[in-house]
Amino acid sequence: YTLQSNGAVVTAVARSSYDVLKKDGFTIESCDYGKVENFVPSHVYKTAEEAMKEQGPFNFIVITTKNIPDVYPVEKMIESAYNKDTAIVLLENGVGIERSMFKAYPDATVISGVTMISSTLYDTTIKHVGPDNVSFGAFINPSIPKENQILKAKEFQKLYYNEFNKAKYDENVKFIRWRKLIYNGAINTTCAITNVDVGRLEMFGGMDKIVRPAMKEIFAISKADGVNLPEDIMENMIRSDDGEYYPPSMLVDIRKGQYTEYKIILGTALEIAKEKGIPTPVCSILCDLLEVIQMRTMEARNRIELPEKRPLPADNYKIEYKY
Ligand SMILES: NC(=O)C1=CN([C@@H]2O[C@H](COP(=O)(O)OP(=O)(O)OC[C@H]3O[C@@H](n4cnc5c(N)ncnc54)[C@H](OP(=O)(O)O)[C@@H]3O)[C@@H](O)[C@H]2O)C=CC1
Ligand SMILES: CC(C)(CO)C(=O)C(=O)O
């Protein structure tokens, strides 16, 4: 909506929402833009392949899906739409998400987009309750000229900028992503596991007993990874959606029976913690619980099927994935 309002031609690839998006569009109830009815992107396709065939090549491919490397790697999703002159914008949470992109597309310009936005799709209505506070910057790819990557990131930031979001260009991508992880790694994960929103989490005691200790661990990992976040970031993140019983996106995933982004939100951070020797008792438990929940979702979504008779450890049974 923001890009199209600024004059960009937006080609959307939609999966379960294809029919509704193409025909009537989404309703947007936004704290920034008010009520927008029947928003339809310039073009809507079912697959990236069709989109590329009819509208490509593109200046930018903007990825706003969940980042679930254990099920649908995002680099595969865009395979048929990628062209060497196309910059990829990862408007997603998490740290280390550029690594698989550079592996798949070694000459790519990959732009980081990090936003505090608090926005949820319910049926055909997007409820947007937190002002869009967004910044873009290039994940610098050492194989191609740095200036071009910076220019592309600035071009995208200008394309997205409006009086509400005041989109920022910020080259300190690593800092920005770790700062956001303080929220997502501790709050998204705890709300998802406990199935309560941020307001209830605080009122039921989870903020003090789980979130604050988890945040301290993430803070320590970021420090060991060379990022000096201000100490008050933890309290600021806890207070960032005051006044709302907000369900973080990972909790919404659980409630909709969707896969969660636990790998890019905690898994990668914990790999870094291990390398650097940082103890992470709370975050490791959160991550392990989310892994079990992911397997539960895989079974519910028929990605795996277990034998009727429970195998024993001595059987060395290996789970097979259907997709
Ligand atoms: N929600 C929020 O407030 C915030 C979210 N984020 C981050 O932004 C990213 C997106 O989150 P969010 O908007 O909440 O995610 P949602 O789950 O609400 O939306 C993701 C959309 O991507 C679609 N999708 C997934 N895979 C494909 C595919 N292969 N082809 C076509 N469409 C696909 C899904 O469609 P389908 O229905 O078919 O599955 C769904 O409509 C995440 O990384 C999240 O962490 C960051 C800040 C705030
Ligand atoms: C911080 C927050 C809650 C909103 O931007 C978010 O990132 C999410 O819901 O995943």
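## Ligand 2 and the two domains

Ligand 2 lies between domain 1 (2–171) and domain 2 (175–300), because both give residues to the shell around it. The domain bounds come from an automatic or database domain assignment. This is a predicted model, in which local features need pLDDT of at least 70 and side-chain atom pairs count only at pLDDT 80 or more, while totals for chains, interfaces and linings use all residues. Residues are numbered from 1 along each chain as its sequence is written, and chains are lettered from A and ligands numbered from 1 in the order in which they are written.

The residues that surround ligand 2 are Asn93, Met116, Ile117, Ser118, Gly130, Tyr183, Asn184, Asn188, Pro248 and Ser249. A residue is near a molecule or strand if its C-beta atom, placed from the backbone, lies within 6 Å of it. Helix H7 (residues 173–194) supplies the largest share of this shell, three residues. Helices (H or I, at least four residues) and strands (E, at least two) are DSSP runs, numbered from the N terminus.

Sorted by class, the shell around ligand 2 holds four nonpolar, six polar and no charged residues. Ala, Val, Leu, Ile, Met, Phe, Trp, Tyr, Cys and Pro count as nonpolar, Asp, Glu, Lys and Arg as charged, and the others, Gly among them, as polar.

## Ligand 1

Around ligand 1 there are 21 residues, of which Arg15, Ser16, Thr65, Glu92 and Asn93 come nearest. The largest share of this shell, three residues, is from E8. Its classes are six nonpolar, 11 polar and four charged residues.

## A four-stranded sheet

Four strands form an open sheet with mixed pairing, in the order E3-E2-E9-E8. Strands count as paired if DSSP finds at least two bridges between them. Strand E3 (34–39) and strand E8 (119–122) are at the edges with a single partner strand each, so one side of each has no neighbour in the sheet. From one strand to the next, the twist averages 15°.

Strand E2 (residues 26–30) pairs with strand E9 (residues 125–128) in the parallel sense, over four bridges. In this pairing, Thr27 stands opposite Thr125 in E9.

## Packing of H9 and H12

Helix H9 (residues 206–224) packs against helix H12 (residues 262–276) at an angle of about 65°, and their axes are 9 Å apart. Axes are lines fitted to C-alpha atoms, for helices over the stretch in contact, and angles run from 0 to 180 degrees between N-to-C directions.

From H9, Ile218, Ile221 and Ala224 meet Ala269, Ile272, Ala273 and Lys276 in H12. Contact requires C-beta atoms, placed from the backbone, within 7 Å. The contact of H9 with H12 has six nonpolar, no polar and one charged residues.

Note on methods
Contact = placed C-beta atoms within 7 Å.
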